[in-house]
Amino acid sequence: MENKNLLSDTITFLGTGGARIMVSTQILASGGLWLNLSGIEILIDPGPGCIVQSTKRKLRADKLSAIILSHRHLDHSADINIMAEAMTQGGFKHRGWLFTPADALENEPVIFSYLKSYLEGIEVLEEGKSYSIGNISFTTPIRHIHPVETYGMLFKTREHTLSYIADTRYFDGLLKSYGSELLIINVVFFEPKPAFDHLSVPDAKRIITELKPKVAILTHFGMPMWQARPWEIAQRLSQETGVRVISARDGMRFDLSQLDS
Ligand SMILES: [Zn+2]
């Protein structure tokens, strides 16, 4: 049993803030999700502060196998350069992969060109494709509706399935794409704001009701959402949907073994 720690699947929420005001003020931290799936460590969406939040929590970038960007917006990508440098031990170790939509590499790329040669490789995310990182596989089932090219991810480990619904406007394609045991949803808005391509609480409720995961975790909160107390919203959604809904907290570590109980 000494390898239990290595083999347990966890997700650490480096930050739970989303959108411009929240991220500029750092009332909630930003920094993305750190997955440890059967010992394979993967960083998703290294927003501003990722290097600070991860080192503070003793998460080691030189153990990462890959960094995945859902899209190029600053609150998801600001720390990509320092995290890529840290993953490669300052460029001294040729290692690690970057997965990113093509438009994050095109004019005004989010990653400095000198860092690319440190990496084992870069894979471009496309709709409907599958990728693997060690014995973990993931798909980017559908392109989201967001001002830049954006994908969520559906991961399969030996024991679990989990989805990350990154920034998007609500559309029915989400329901066909992200069926899984654990659903992580970026819920920027409390109330719907049709002028913006982000999910709100009623959207999250609809997605959770339709997809019926074992657990849903809300994160990436904008200011009004934070003021509306996401933990109370999560409690209400749990009652209304019959699904266990959790609001993420900065630094929260979710152990996927909770899905088995
Ligand atoms: Zn965005």
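**Helix H8 and its surroundings in a predicted model**

Let me begin with helix H8, residues 201–211, whose buried residues are Val 201, Asp 203, Ala 204, Ile 207, Ile 208 and Leu 211; buried here means that 20 or more other C-beta atoms, placed from the backbone, lie within 10 Å of a residue's own, while exposed means 12 or fewer and partly exposed lies in between. Seen down the axis of H8, these buried residues fall within an arc of 155°, so they line one face of the helix, the arc being that of the directions from the helix axis to the C-beta atoms. An α-helix has 3.6 residues a turn, so residues three or four places apart point the same way.

Residues are numbered from 1 along each chain as its sequence is written. Helices (H or I, at least four residues) and strands (E, at least two) are DSSP runs, numbered from the N terminus.

What covers the buried face of H8? The cover includes helices H7 (173–177) and H10 (230–241), together with strands S11 (182–189), S12 (199–200), S13 (215–219) and S14 (244–247). With H10, helix H8 packs at an angle of about 40°, the axes being 10 Å apart, and the contact is made by Val 201, Ala 204, Lys 205, Ile 208 and Thr 209 of H8 and by Ile 233, Leu 237, Glu 240 and Thr 241 of H10. Contact means C-beta atoms, placed from the backbone, within 7 Å; axes are lines fitted to C-alpha atoms, for helices over the stretch in contact, and angles run from 0 to 180 degrees between N-to-C directions. Just after H8, Lys 212 takes a positive phi of about 45°.

Val 187 touches, among others, Val 201 and Ala 204, not counting residues up to four places away in sequence.

S11 is also joined to strand S10, residues 161–165, by four bridges, and the two run parallel, with Ser 163 opposite Leu 183 in S11; strands count as paired if DSSP finds at least two bridges between them. Four of the five residues of S10 are buried, and S10 forms a hairpin with S9, with four residues between them. In the loop between S11 and S12 we find Ala 195, which is exposed, with 6 other C-beta atoms within 10 Å.

Elsewhere, seven strands form an open sheet in the order S6-S5-S4-S3-S2-S1-S15, and the pairing is mixed. S6 (121–125) and S15 stand at the edges, each with a single partner strand, so one side of each is left without a neighbour in the sheet. S1, residues 10–13, runs antiparallel to S15, residues 253–255, with three bridges, and Ile 11 stands opposite Phe 254. S1 is likewise joined to S2, residues 33–37, by four bridges in antiparallel fashion, Thr 10 having Asn 36 as its bridge partner.

Note on methods: Predicted model: local features only at pLDDT ≥ 70, side-chain atom pairs only at ≥ 80, totals over all residues. Contact = placed C-beta atoms within 7 Å.
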